[in-house]
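This report covers side-chain packing and ring contacts. Look at the sequence and structure first.

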Amino acid sequence: MSAVPATSPLPLDLRARPLHDLRLSVIEACNFRCPYCMPADRVPDDYGFDSASRLSFDEIETLVRGCVALGVNKLRLTGGEPLLRKRLPQLVERLAAISGLQDIALTTNGSLLAAQARALRDAGLGRITVSLDAIDPQRFSQMSGGRGDIADVLAGIEAAQAAGFASIKLNCVVERGINDDQVLPLLERFRGSGHVLRFIE
């Protein structure tokens, strides 16, 4: 068994392994202040809203085209909260037109999804993942740093389903003693819906 040279940054098998999946943050701003992600006491309200620090749509398209040329065929758009990025459906449409890119997904907190789900689907978005840490309104508000309304997120999920996103992934970050009592209510709420509920400790 040959040793990996000391100057090699990665084991040989990892360097030879092709890259197929790319996660791309389109904006760092978020309208929530989840304590485990962007706590309000550490992240100012205007964080991530400076458009001068973001890649333009032209730059994003150039980057994705380059990655596709290297073997990437799946793209996930993230943030921050990606739905805060203005004209996001237009970006999705441009990216969906790239030959060789087989799948475009989006991770969102869902609060702004109801108004954009149809346009995103029509633009070529293939899949959606919604972060959902509680189903109880008060607990949900607590988990979002007092910024979120569960009714908006549920409306977003329903709008996405109506737009043609048949199986939506729902990610719940579970914290002991904080929202672990929401596991069973979430399971009950989405039982038989066809959506995929995933718990992250």
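## Charges over rings

A charge sits over a ring if NZ of Lys or CZ of Arg is within 6 Å of the ring centre and within 35 degrees of the ring normal. Arg 189 meets this test over the face of Phe 190, at 5.0 Å from the ring centre. The charged end of Arg 121 sits over Phe 165, 4.8 Å from the centre of its ring.

## Basis of the model

The model is predicted: local features need pLDDT of at least 70, side-chain atom pairs count only at pLDDT 80 or more, and totals for chains, interfaces and linings use all residues. Residues are numbered from 1 along each chain as its sequence is written, and side-chain values use heavy atoms, with hydrogens and water left out.

## The aromatic pair

The whole structure holds one aromatic pair (ring centres of Phe, Tyr or Trp, the latter by its six-membered ring, within 6.5 Å; planes under 30 degrees apart are stacked, over 60 edge-to-face, the rest tilted). The ring centres of Phe 32 and Phe 140 are 6.0 Å apart and their planes lie at 80°, so the pair is edge-to-face.

The partners are 108 residues apart. Phe 32 is in the loop between β1 (21-25) and α2 (57-69), and Phe 140 is in helix α5 (residues 137-143). Helices are DSSP runs of H or I, at least four residues; strands are runs of E, at least two, and both are numbered from the N terminus. Phe 32 is buried at 5% relative accessibility (under 20% relative accessible area; exposed is over 50%, partly exposed in between; 1.4 Å probe, protein chains only). Phe 140 is buried too, at 3%.
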